[in-house]
Amino acid sequence: MLCAAAHNTYVRCWAGWVYVAFILDVFSQRIVAWHAATNKETELVMIPLRMALWQRDREGHQVSAGELIHHSDAGSQYTSIMLTEHLELEGIAASIGSVGDAYDNALMETINGLYKTECVQTTVFHAGSYKTIADVEYATAGWVDWYNNRRLHGTLGMVSPLEYETTHYAALNPEPQPA
């Protein structure tokens, strides 16, 4: 059974608030999709869900019905009828944390904390002077690329999420050996 955790956070910019939603593969800690918007409507979380499913299919790791759990907090976007129906249509089990319990979705709270520390509040990814949603998207894209491809994770044996996944799938599909 695969588990994807979902959560959203916010970034202040000159033009107002930008909300960023992430979908994380719990197994590899890889951010498989994200989306930024200027409102917290349901599309904020629907778009990265569709992107994550498309990405996994594109990589040859299609998720079959009944194999995935979508865990999120109890925010209105995640309890919406539109998302609930979409999860059911895709055969994805919904798991929603209890209201007001930050520990229930601790992994995503950690990702949001890393995002804000490593991207939003530092100058490494051009932070501090975001003017528009485009600035936030540009910085977030750079951070997600770094997080997935180059950031070493202690819980993964000091490798990146992409390297961890690549090693895992290579072990599942070994190269045929000459006879």
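Rings of Phe, Tyr and Trp (its six-membered ring) pair if their centres lie within 6.5 Å; planes under 30 degrees apart are stacked, over 60 edge-to-face, and the rest tilted. Keep in mind that this is a predicted model, where local features need pLDDT of at least 70, side-chain atom pairs count only at pLDDT 80 or more, and totals for chains, interfaces and linings use all residues. Residues are numbered from 1 along each chain as its sequence is written, and side-chain values use heavy atoms, leaving out hydrogens and water.

By the ring rule there are 6 aromatic pairs, and ring pairs tie Phe22, Tyr115, Trp143 and Tyr147 into a cluster.

| Pair | Centre distance | Plane angle | Type |
|---|---|---|---|
| Phe22 and Tyr115 | 5.1 Å | 70° | edge-to-face |
| Phe22 and Trp143 | 6.0 Å | 70° | edge-to-face |

Phe22 sits in strand β2 and Trp143 in helix α4, 121 residues apart; helices (H or I, at least four residues) and strands (E, at least two) are DSSP runs, numbered from the N terminus. As for burial (under 20% relative accessible area is buried, over 50% exposed, partly exposed in between; 1.4 Å probe, protein chains only), Phe22 comes in at 1% and Trp143 at 0%.

Now for the wider setting. A nonpolar core is a set of buried Ala, Val, Leu, Ile, Met, Phe, Trp, Tyr and Cys residues joined through side-chain atoms within 4.5 Å. The largest one has 20 residues, and Phe22, Tyr115 and Trp143 are among those with the most contacts inside it. A second, separate core of 13 residues includes Leu44, Val45, Tyr78 and Leu87.
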